[in-house]
Amino acid sequence: MDPIWLTIAFVFGFVVRLVGLPPLVGYLIAGFVLNYMGAESGAFVETVSDLGVMLLLFTIGLKLKIKNLIRREVYGGTIIHMTLITLLFAGLLMLAGLSNIGPFENFNVTQALLIAFALSFSSTVFAVKTLDDRGESTSMHGTTAIAVLIIQDLLAVIFLVLTAEKLPSLWVFTVPVILFLIKPVVFFIYRKIGHGELLILFGFFLALIPGAELFKFVGLKPDLGALIMGILISGHPKSKEMANLLMHFKDFFLIGFFLSIGLSVMPTLDIFIISLFVALAINFKVILYFLVFTRFGMRALTSYFTSLSLANYSEFGLIITAVAAANNWLPYEWLGIIAISLSISFVISSPLNSYSHQIYNKIRSFLKRLETKHRLVYDRTIDVEDAEVLIFGMGLLGTSAYDQLKEVYGQQVLALDYNPDTVKYHRSMGRNVIQDDATDIEFWERVNEMQQEKRQVKLVVLCMDDQKSNVFALKELKTIDYQGRIAATAKHDDDIAQLKKLGVDLVYNLYTEAGVGLADHICNKNK
């Protein structure tokens, strides 16, 4: 990639980061600037972009649980939403088509339905990146949004297969057999491969060779192959470690994806105006998402945050539009309109997600009136009862902390973890663990109510995997004016400084303290 391109991408990414927006917005702007300067998206940029998307879908698969996809509110809500929004957008486009100007010349119902269908998808790349940046990818709304996106991606692949001039080869029927046969081989290598750079290389290999290339060979989308491969091996204990190791590679390659969008089209005034109106129609998607999710029994809070995560248009919409244009079903002008609308939707969605919690606090009373009486079992407001100690994250460190603190506080120790399987395991072991996460505002409000009732939580222990989740919890504690003690874990010096600045009383450095603990253990053994 040209050094000038990298420089411009970095400058714009850094500038938007300073104003509180995700860097990806800066990359989009950098793409438009490069386009204006006469740059073109070449084979290298497209290759980097494709690699970023495939790694993204592969890492999603590594973290995904199939049962998240077969939840009624996920597959049912996705299909209902896409159907309704396609019909709504098609109707609006037909009304706009009466103007008979520019791209709307000789506009018909088929074209309106194709464009509306393309606009019904939300961006997997944008949503997952935004959730990761906020430390909310494992929250209830985060897992729901990702599951919806995967259902949408599968529907997009089905559309592309059905509309392809060349159908998948008969070899497609061998794919399930091949995947079934290679799974034990992958798990064997997992056990022998160790950690570090070889595990990273193995991740690239799995995503790109038996994943993407296998599916490409039989005539299916390579992106889908990377996703399926990730899901196939997601049950192995090392999958989470592999996903973490690939994270920064994925983020870097995705810069190419966002640059390529800006480089894809040079808008005229007419196209830009139409694109702006199409982008503003994203509000209809958000409102409809919220109404559909609440009808399925999700809390207003979960429905709201899930809807905002999906408040954008999708790169799959671009692909569908490109296929339609290539088959002369749509004028090529619409490819430019969808590309610009996609970019604008990212710019609109970024601040909405950045300030989503503040917005929710202002409109929550109205949103809660739209909840149904029926509530999903796993999406209810948690009552912390008489807990004096709260532990977030029940990994190895959280579990050890729980067992030690229980000896002092007894049953007043309450642990929280987002993973239902983890919760089920610890409850079977007799531990007081519930399913929830640090991003649940209503949980923190319940803690605040306890303080006002003089049933104060005395200690909060933050043992979550990533710094962002710990920081979010600390900000919520500050919001409710929590007066008890706080302990947290961290891996890096700057993370420790950030935690202490936010009011943590004791920070456990995972690397330093582990060494101290080892030395103490050795000394005690030698006594």
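Modeller: Keep in mind that this is a predicted model. Helix H10 (residues 197-217) and helix H11 (residues 222-232) pack with their axes 7 Å apart, at an angle of about 130°.

Biologist: Which residues make the contact of H10 with H11?

Modeller: From H10 come Leu206, Ala207, Pro210, Gly211, Ala212, Phe215 and Lys216. H11 brings Pro222, Leu224, Gly225, Ala226, Ile228 and Met229. By class, 10 are nonpolar, two polar and one charged.

Biologist: Let me try another pair. How do H5 and H6 cross?

Modeller: Helix H5 (residues 72-97) and helix H6 (residues 109-119) cross at roughly 130°, and their axes come within 8 Å. H5 and H6 are therefore oblique to each other. H5 passes H6 in a right-handed crossing.

Biologist: Which residues of H5 and H6 make the contact?

Modeller: On the H5 side, look for Met82, Thr86, Phe89, Ala90, Leu93 and Met94. On the H6 side, look for Val109, Ala112, Leu113, Ile115, Ala116, Phe117 and Leu119. This contact has 12 nonpolar residues, one polar and no charged.

Biologist: On to the gaps. How is empty space found?

Modeller: A probe the size of a water molecule is rolled over the atoms, and this shows where empty space is left. A cavity is space the probe cannot get out of, while a pocket is open.

Biologist: How many cavities of 30 Å³ or more does the structure hold?

Modeller: One. The largest cavity holds about 40 Å³ of space. Its lining is Leu57, Asp153, Leu154, Val157, Asp223, Leu224, Leu227 and Phe316. Helix H8 (140-163) and H11 each give two or more of these residues.

Biologist: How do the residues of that lining divide by class?

Modeller: Six are nonpolar, none is polar and two are charged. Two of the lining residues link back to our helix pairs. Leu57 lines the cavity and is also in the contact of H3 with H7. Leu224 lines the cavity and is also in the contact of H10 with H11.

Biologist: And the second largest pocket: how much space lies in it?

Modeller: About 700 Å³. It is lined by 32 residues. Nearest its centre lie Glu46, Ser49, Asp50, Phe257 and Ile319.

Biologist: Which helix gives the most to that lining?

Modeller: H3, with seven residues. Other helices supply at least two residues each, among them H7, H10, H11 and helix H12 (239-263).

Biologist: How does the lining of the second largest pocket read by class?

Modeller: It has 18 nonpolar, six polar and eight charged residues.

Conventions. Residues numbered from 1 in each chain as written. Predicted model: local features only at pLDDT ≥ 70, side-chain atom pairs only at ≥ 80, totals over all residues. Heavy atoms only, no water. Axes fitted to C-alpha atoms, helices over the stretch in contact; angles between N-to-C directions. Helix = DSSP H or I, 4+ residues; strand = E, 2+ residues; numbered from the N terminus. Contact = heavy atoms within 4.5 Å. Nonpolar A, V, L, I, M, F, W, Y, C, P; charged D, E, K, R; others polar. 1 Å grid on protein atoms, 1.4 Å probe; cavity = no way out; pocket = protein on both sides within 12 Å on 5 of 7 lines; lining within 4 Å. Points joined across faces, edges and corners; volume = space filled by probe spheres on them. Parallel < 35°, antiparallel > 145°, perpendicular 65-115°, else oblique. Left-handed = near helix turned anticlockwise from the far one by under 90°.
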